[in-house]
Amino acid sequence: MSTQNGTPLLTIMHVNKQYPGVKALDDVSLAMDAGEVMAILGENGAGKSTLVKVLSGAVSRDSGEILLAGRSLPMYNTPLTARAFGIAIIYQELSLLLQLDVAENIFLAREPVLFGGVIDYRKMHAQAREQLDKLEAYHIDTRAKVETLSLPERQLVEIAKALAVDCRVIIMDEPTTSLTWEETDRLFEMVRRLKSRNVTVIYISHRMNEIFEISDTIAVMRDGRLIDKVRTAGMDSVKIVEMMTGRLLEHKDRKAEDCKVAYRDDNIVLEVGGASDGKKIENASFNVYAHEVLGFAGLVGAQRTELARAIFGAGKMVRGEVKISGRRIRNRSPKDAIRNGIGYLSENRKEEGLNLGMTLEENVIIIDMGKVSRRGFLYRAKIREIFDGFKASTRIKGNAKQLVSSLSGGNQQKVAISKWLHSGCGILIFDEPTRGIDVAAKAEIFEIIRRFAAERMAAVVISSDVRELADVCDRVLVMSRGKIVHEIMPYDVSQEKILHSIVNKGGKKNE
Ligand SMILES: Nc1ncnc2c1ncn2[C@@H]1O[C@H](COP(=O)(O)OP(=O)(O)OP(=O)(O)O)[C@@H](O)[C@H]1O
Ligand SMILES: [Mg+2]
């Protein structure tokens, strides 16, 4: 597609990138105008992140040319070169240094200095404050260590960091996965402001509604190739998904009649009574029934993850009790929880979900080695067979022997899910299970969750996507500020009902 005024700001020509066994970019060519907001869409592993990493200098291309305002981006592009060209990026997996404070992260390697080369801390903090205020992130202290911030807060710091550079192209790789609606709106305002200043924005997301809201154009990738670049106006999500997958997709709504759960006291498999963490969670009580998929809705900050972690033994529970099938258990650590048959798929796969230095198949079998070893001897063939099963059912794009760190974001998530399915737990808490998963694979993850509940004891799903909750859950509990404030029964579960409940019962965003 040609650009609007014939002289593009950014031109990518015949770019190739080969990884061992995968052609991540296959002869990709495209052009972008100044002030254009382009979305990139594609299935997990399609090459989206690789393309933007080539631009930002995180990886180097094998061949092809990239021009920015007529200047050629060097073959061995580095993050510093890219920045000098005015290209800034916000990564899918955040890249902040946890031990440094907020201002230090924002101005890393570009700190304002006083005469004599001493860092001007006062100026640095004042400028960091300015950047954060632009994002209305007033609550973030520039002196706070990044490790003390929540995931969405860290993301805002990352955005502030990119904005602090006077950039001509800003790249966002799945920036909204951990933001609330309000924060997402604010980010979109920011994107519009950038656009009006003639900054070009490249926006990667699996969320179709966001893409239709914010982008001027959509580039669709599949298997490393650019399938097409089209104008957003006049497109619809069905057409886009067809381009992404090369096949048709059917959407099956969950119906109230589909719920086969018997809501009787003698059918309770997990009972949580009066759980408090001494901080924010207050007196949370709920039951999970046999073969049920129970959802937890709420805004970021509702403490759903904290409650899950307390039950799983990864967070504190100072009061309250947990019973499995009527038997009282105490999970002092995740190890205890796993022994008691409870699993927790973390929303934060990089920090605690996966072992990045291990291969895909090793990650999958790590929790339950018993099934694949005897007296220290590993049955390699058995491991491979198990992995291949999960690879097929969750559509993992990757090889058994590959390091998990070399997988695309969505494929890492699929490995994390497989790991817990293999663990043999009876109850599994899925925290944001489809974060980073492409639209086509989502339906498969839902199917996996339902099958898990049907074949084992029960599944619990925490999600900030109300459509996802409505599609996969039998019953939904709504949390707000550490309390369970509402219960939506199966005959009532719908996107609208959940949304309504979050907004009305959940009150305003948490402090
Ligand atoms: N460092 C690496 N070493 C080996 N293979 C890699 C490496 N980085 C990416 N790949 C492979 O390149 C392909 C493209 O990956 P990329 O991260 O660009 O996908 P993506 O479109 O961003 O997917 P997602 O939606 O899951 O984030 C994948 O098959 C991935 O496994
Ligand atoms: Mg990616």
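**Contacts and cores**

Author: Among contacts in the protein chain between residues at least 6 apart in sequence, 68% join residues at least 24 apart, where a contact means that two C-beta atoms, placed from the backbone, lie within 7 Å. This is a predicted model, in which local features need pLDDT of at least 70, side-chain atom pairs count only at pLDDT 80 or more, and totals for chains, interfaces and linings use all residues. Residues are numbered from 1 along each chain as its sequence is written, while chains are lettered from A and ligands numbered from 1 in the order in which they are written.

Reader: What radius of gyration does the protein chain have?

Author: The protein chain has 24 Å, which agrees with the value near 24 Å that a compact globule of 511 residues would have; the radius is taken over C-alpha atoms, and the globule rule is 2.2 Å times the number of residues to the power 0.38. The C-alpha atoms fill a box of roughly 70 × 50 × 50 Å along the principal axes.

Reader: Which residues touch the most other members of the largest nonpolar core?

Author: Those are I449, A458, A459 and V461, in a core of 76 residues. Such a core is a set of buried Ala, Val, Leu, Ile, Met, Phe, Trp, Tyr and Cys residues joined through C-beta atoms within 7 Å, and buried means that 20 or more other C-beta atoms lie within 10 Å of a residue's own (exposed is 12 or fewer, partly exposed in between). Helix α15 (residues 439-455) gives this core its largest share, 7 residues. Beyond its neighbours within four places in sequence, V461 has contacts that include F430, I449 and L469.

Reader: Changing topic, which residues come nearest to ligand 1?

Author: N44, S49, S406, S408 and G410 come nearest, out of 22 residues around ligand 1, counted when the C-beta atom, placed from the backbone, lies within 6 Å. At least two residues of the shell come from each of β2 (22-32), α1 (48-56) and α14 (409-422); helices (H or I, at least four residues) and strands (E, at least two) are DSSP runs, numbered from the N terminus.

Reader: And what order do the strands take in the open sheet with β2?

Author: The order is β2-β1-β4-β5, with antiparallel pairing, and two strands pair if DSSP finds at least two bridges between them. Because β2 and β5 (71-72) stand at the edges with a single partner strand each, one side of each is left without a neighbour in the sheet. Strands β1 (residues 10-19) and β4 (residues 63-68) pair over 5 bridges.
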